[in-house]
Amino acid sequence: MMRGYAFIIVAVVASVAIQQPELVAGQARVPAMFVLGDSLVDVGNNNFLATIARANYLPYGIDLNLRPTGRFSNGMNFIDLLAQLLGISSPPPFADPTTSGNRILGGVNFASAAAGILDESGQNYGDRFTMNRQVVNLGTTLSQLRTMMSPQNFTDYLARSLVILVFGSNDYINNYLMPSLYSSSLRYRPPEFANLLLSQYARQLLTLYSLGLRKIYITGVAPLGCVPYQRARSVGPPERCVDAVNQILGTFNQGIKSIVDQLNQRLPGAIYVYGNTYGAFGDMLNNPAAFGISVVDRACCGVGRNQGQITCLPMQNPCPNRSQYLFWDAFHPTQTALSVLARRAFYGPPIDAYPVNIQQMTLLH
């Protein structure tokens, strides 16, 4: 059993049963979606920051009308695809000066490439909105929204809005697994480091509730040992995942699931959900043909071993058959793979989205 973060969540005697509603076609809607996270869900915030973690150049966006927007994908990212399933517009980036007034009513995207749960994670890339800064930025946006509607409408709006959080990858790839720049792997064993992340994460998940938000979806970390960058760095066969990296992630992913259980028991009216990204990725890695994927061990766009030693460069020619690739660049999935993740988050059984999926979340009041 995991220990070390449980002290943050107060145990309760009575557990709140989450009723699974009957699904009604066309009913699954939310007034707004607020997104916090890293490059997997950044829609252009880093374009406005002093950082080298940017994707505002071709071939990024090659399948998005040849329009690089700052999304770390060949096309749409996880949030864009989820917004389509919800029937809403993908929320605009917080850092864009035009993200104000009526434009924020449908939600705002605060995600920032290289961001981590820990403030220091990803600092090797330059500036970024860390998780803590993103929560502050969210508070700023909510203060603006509060002035745009009546108190009762605002309370209802927040309770029905959806929050998506995607954090953790940079705390490993750009911190714990980078001992030449960060000392965390010398100071913490993997379970201790995971519990450090979980304790910080749990505090901010409670903050979201205190702000009035009630529907909160938290993704786990994917099998990072399988991304082209990690394969390229490994001394093992280039077609094999780095098992040692994947094995250190279990405490973190299981810990999020445990925190979700405890928060759902403790906080009236809240529905926190754990998205099993690791499992969905595992299915695509183990049975790629079932998803129309044929290449899982190298990037569509990149340089060096597994096309993963250096990530996708400006004006580089990517692979032509990118819909058949699991990975777009050294770190990020293709739109094909992200579509699988979005659909499983939205429609999936409890093994994919626990205890309910996003469609069911939107129907809970």
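Contact is taken here to mean heavy atoms within 4.5 Å. The structure is a predicted model, in which local features need pLDDT of at least 70 and side-chain atom pairs count only at pLDDT 80 or more, while totals for chains, interfaces and linings use all residues. Residues are numbered from 1 along each chain as its sequence is written, and side-chain values use heavy atoms, with hydrogens and water left out.

Helices and strands are DSSP runs numbered from the N terminus (helices H or I, at least four residues; strands E, at least two). Gln-230 is placed in helix α7. A residue is called buried under 20% relative accessible area, exposed over 50%, and partly exposed in between (1.4 Å probe, protein chains only). Gln-230 has a relative accessibility of 5% and therefore counts as buried. When neighbours within four places in sequence are left aside, the contacts of Gln-230 are Ile-173, Leu-177, Leu-224, Gly-225, Val-242 and Val-245. The C-alpha atoms of Gln-230 and Cys-241 are 7.9 Å apart in space, and these two residues are separated by 11 residues in sequence.

A disulfide is a covalent bond between the sulfur atoms of two cysteines. By the distance rule, there are three disulfides. Counting bonded cysteines along the chain, their pattern is 1-2, 3-6, 4-5.

The link of Cys-226 and Cys-241 is right-handed, with 115° about the S-S bond. Cys-226 lies in the loop between β3 and α7 (228–233), and Cys-241 in the loop between α7 and α8 (243–247), so the bond ties together parts that are 15 residues apart in sequence. Cys-226 is buried, at a relative accessible area of 3%.

Cys-300 and Cys-319 are joined by another disulfide, with an S to S distance of 2.1 Å. The torsion about the S-S bond of Cys-300 and Cys-319 is about -110°, so this disulfide is left-handed. Cys-300 is found in the loop between β5 (295–299) and β6 (302–303), and Cys-319 in the loop between β7 (310–311) and β8 (325–327), so the pair ties together parts 19 residues apart in sequence. Both Cys-300 and Cys-319 are buried.

A disulfide also joins Cys-301 to Cys-312, at 2.0 Å from S to S. Here the torsion about the S-S bond is about 65°, so the disulfide of Cys-301 and Cys-312 is right-handed. Cys-301 is in the loop between β5 and β6 and Cys-312 in the loop between β7 and β8, 11 residues apart. Cys-301 is buried, with a relative accessible area of 0%, and Cys-312 is likewise buried at 0%.

Strands of a sheet pair through backbone hydrogen bonds, either parallel or antiparallel. In this analysis, two strands pair if DSSP finds at least two bridges between them. Five strands form an open sheet in the order β1-β2-β3-β4-β9, with mixed pairing. β1 and β9 (353–354) stand at the edges with a single partner strand each, so one side of each has no neighbour in the sheet. β1 pairs with β2 (residues 162–166) in the parallel sense over five bridges. The bridge partner of Gly-37 in β2 is Val-166. Helix α6 (residues 190–210) packs on the sheet and touches β2, β3 (215–219) and β4 (271–275), its direction making about 165° with that of β2. Axes are lines fitted to C-alpha atoms, for helices over the stretch in contact, and angles run from 0 to 180 degrees between N-to-C directions.

Asn-46 is located in the loop between β1 (33–37) and α1 (78–86). Asn-46 is buried, with a relative accessible area of 1%. Beyond its neighbours within four places in sequence, Asn-46 is in contact with Thr-51, Ala-53, Arg-54, Ser-112, Ala-113 and Asp-127.

In helix α10 (residues 277–286), the buried residues include Thr-277, Ala-280, Phe-281, Gly-282, Met-284 and Leu-285. The buried residues of α10 pack against β3, α7, β4, β5, β8 and α11 (335–347).

Note on methods: A disulfide is a pair of cysteine sulfur atoms within 2.5 Å.
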